[in-house]
Amino acid sequence: MPEPVQSLELLLDADADARVRAVWRRLADADLPSQARHRGESNAPHMTLVAARGIPIPAAVAGLPLSILLGPPVLLGHGAVRTLAFAVVASAALLDLHARLWAAADPVDPTPFSAPGAWTPHVTLARRMPLIDLPRALEAIGDDGIPAVAVEVRHWDAATRVVTRGRPSAPDASRSTG
């Protein structure tokens, strides 16, 4: 079993959070895998920026709030069972924020998928989604993208199961999606 990791994650504004949770509920109501079934404290719509064996907790993050767009569904992983997520439309401001947090975090033993150039920004909807159920899942998700604002960075420590909420910086000019 892999060693527990820590992560830095972007949290969404209240409206986007509620809209993602509504999608989670629709998936669960359709008797499909869904993040709605995850009852842990760490379960909130979020975008993982950095995942590693060790990451310091940031006190504040320049560049937040940051407007983003949750785009179409995407499948992550390989095989007959995948992670289903909303793709997050990459913008120069989002990629810059990711690169700056990666450099500042100086992660210990990082996961390769969170490194700049390999990172796929996304918000997870369901883990372990059988491909055979994908048509029903896409019907439950719907076709609309979700405009969102990344408002805060949190730190998740899987070993201790502790979530530490960060503080956003003052708004600045890097708030656009593109």
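The side chains of Asp 96 and Arg 100 are joined by a salt bridge, with an N to O distance of 2.9 Å (a salt bridge is a side-chain nitrogen of Lys or Arg within 4 Å of a carboxyl oxygen of Asp or Glu). Asp 96 and Arg 100 stand 4 residues apart in helix H2, which means that about one helical turn separates them. The model is predicted: local features need pLDDT of at least 70 and side-chain atom pairs pLDDT 80 or more, while totals for chains, interfaces and linings use all residues. Residues are numbered from 1 along each chain as its sequence is written, and side-chain values use heavy atoms, without hydrogens or water.

**Salt bridges**

- By the rule given above, the count of salt bridges comes to 5.
- One of them joins Glu 9 to Arg 154, whose closest N and O atoms are 2.4 Å apart.
- Glu 9 belongs to strand S1 (residues 6-12) and Arg 154 to strand S8 (residues 146-157), so this pair ties together parts that lie 145 residues apart in sequence.
- Glu 9 is buried, at 4% relative accessibility (buried means under 20% relative accessible area, exposed over 50%, and partly exposed in between, with a 1.4 Å probe and protein chains only).

**Helix H2**

- H2 covers residues 92-105, and its 14 residues should span 20 Å at 1.5 Å a residue (the expected span is 1.5 Å times one less than the number of residues).
- The end C-alpha atoms of H2 are 20 Å apart, which agrees with that expectation.
- The buried residues of H2 are Ala 93, Leu 94, Leu 97, His 98, Leu 101, Trp 102 and Ala 105.
- After H2 comes Asp 106, which has a positive phi near 45 degrees.

- The volume of the largest pocket is about 850 Å³ (on a 1 Å grid, a pocket is an open set of points with protein on both sides within 12 Å along at least five of seven lines, and lining residues have an atom within 4 Å of a point).
- The largest pocket is lined by 28 residues, of which His 46, Thr 48, Phe 113, Thr 124 and Arg 127 are the closest to its centre.
- S1, strand S2 (46-54), strand S7 (122-130) and S8 are the elements that each give two or more residues to this lining.
- The second largest pocket has a volume of about 160 Å³, and the residues that line it are Pro 33, Ser 34, Gln 35, Arg 37, His 38, Arg 127 and Arg 128.

**Strand pairing**

- Strand S4 (residues 66-76) runs antiparallel to S8, and 5 bridges join them (strands pair if DSSP finds at least two bridges between them; strands are DSSP runs of at least two E residues, and helices of at least four H or I).
- The bridge partner of Leu 66 in S8 is Ala 150.
- S4 is also joined to strand S5 (residues 81-88) by 5 bridges, and S4 and S5 run antiparallel.
- Thr 83 in S5 stands opposite Leu 76.
- S4 and S5 form a hairpin with 4 residues between them, and Gly 77 in the turn has a positive phi of about 95 degrees.

How values were computed
1 Å grid on protein atoms, 1.4 Å probe; cavity = no way out; pocket = protein on both sides within 12 Å on 5 of 7 lines; lining within 4 Å. Points joined across faces, edges and corners; volume = space filled by probe spheres on them.
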